[in-house]
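Dear colleague,

I am handing over the structure we discussed, together with an account of what was found in it. Please look through the sequence and the coordinates first; the findings follow below them.

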Amino acid sequence: MIVNLLSNAIKYNRAHGTVRLGSTRAGDRLCCTVSDTGRGIASEHLPRLFQPFERLESSYDGIEGSGVGLALTRRLLEMMAGSIAVDSQVGVGSTFRFDLPLAPSPAETATGATRSMATPVAAVVDTAPPAADRQRRWRRILHVEDNPANLKLVRRLLGERPDVELADAGSGELGVALARATTPDLILLDLNLRARMGSPPWAGCRRTRQPRRYR
């Protein structure tokens, strides 16, 4: 989400413009801002800004884009109990603000576990999840992306999760080969790969087991 907002702040900025990223904590929430000194967005266009495939041609004329980035960003934030808003002035720039709930700190988690252990119980039971449940909680993700910076970012975000096995591919061809070999639960796919390859990246996988989802 931050990458998308920063990318937009740079792409829609003016020559020698400025981009600022800030964050503050408000209670149990993290508030972030991304500001630019670009061309700005007219107030009558702001209600359409987060609509899928909405390009706001009068504001973004001549700049490439699919019109889905901000819609996806808002949807992802809403799925994580967050929100996003924007202030913009034509000729001055735009500021996007979003907030998310903070995860419990390790100390808070440890305190909760200690209290749970101190609670008296009537009998000792096996609380470990069944093998089938443990298997369901472990997921294999394949990330197909030809931008090394994006590969590195996703690797940092997901690579340390104990419930995720992450594989990445730097090209559509390698992604198809890994999809055939590993049958991932989820594929994260660069939306621009299809245009650059001239055909859907998964056309070669039609006769193999398909991944459960790809994005």
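The loop between α1 and β1 contains histidine 16. Please keep in mind that the model is predicted. Histidine 16 has a phi near 60°, a positive value in a residue other than glycine. Most residues other than glycine have a negative phi. With a relative accessible area of 81%, histidine 16 is exposed.

A second residue of this kind is alanine 81, whose phi is near 65°, again positive although the residue is not glycine. Alanine 81 sits in the loop between α3 and β3. Its relative accessible area is 48%, so alanine 81 counts as partly exposed.

The protein chain has 215 residues, of which 30% count as buried. It holds 8 helices and 8 strands. Among the contacts with a separation of 6 or more, 59% are between residues 24 or more positions apart.

The sheet

In what order do the 4 strands of the open sheet stand? The order is β1-β2-β4-β3, and the pairing is antiparallel. At the edges are β1, residues 19–26, and β3, residues 83–89, each of which pairs on one side only. On average, neighbouring strands of this sheet are turned by 15° against each other, with direction ignored. Strands of a sheet pair through backbone hydrogen bonds, either parallel or antiparallel.

The pairings can be followed across the sheet from β1. Strand β1 is joined by 8 bridges to β2, which comprises residues 29–36, and these two strands run antiparallel. Here leucine 21 stands opposite valine 34 of β2. Valine 34 also has a bridge partner in β4, namely phenylalanine 96. Between β2 and β4 there are 7 bridges, and the two run antiparallel. A further 7 bridges join β3 to β4, also in antiparallel fashion. In that pair, alanine 85 is placed opposite arginine 97 of β4.

Strands β3 and β4 form a hairpin, with 3 residues between them. In the turn, glycine 91 has a positive phi of about 85°.

A residue counts as buried when its relative accessible area is under 20%.

The C-alpha atoms of alanine 26 and aspartate 99 are separated by 9.2 Å, while the two residues are 73 residues apart along the chain.

The helices

Helix α1 lies across β1, β2, β3 and β4 (93–101), and runs at about 145° to β1. It also packs with another helix. Two packed helices are described by the angle between their axes and the distance between the axes. The axes of α1, residues 2–11, and α3, residues 69–79, come within 10 Å and cross at roughly 150°. The two helices are therefore roughly antiparallel to each other, since angles over 145 degrees are placed in that class. Their crossing is left-handed.

Which residues of α1 meet α3? On the α1 side they are Asn4, Leu5 and Asn8, and on the α3 side Gly69, Leu70 and Thr73. By type, the residues of this contact divide into 2 nonpolar, 4 polar and no charged.

With kind regards

Note on methods. Residues numbered from 1 in each chain as written. Predicted model: local features only at pLDDT ≥ 70, side-chain atom pairs only at ≥ 80, totals over all residues. Heavy atoms only, no water. Axes fitted to C-alpha atoms, helices over the stretch in contact; angles between N-to-C directions. Parallel < 35°, antiparallel > 145°, perpendicular 65-115°, else oblique. Left-handed = near helix turned anticlockwise from the far one by under 90°. Contact = heavy atoms within 4.5 Å. Nonpolar A, V, L, I, M, F, W, Y, C, P; charged D, E, K, R; others polar. Pairing = 2+ DSSP bridges. Buried < 20%, exposed > 50% of the residue type's maximum accessible area, 1.4 Å probe, protein only.
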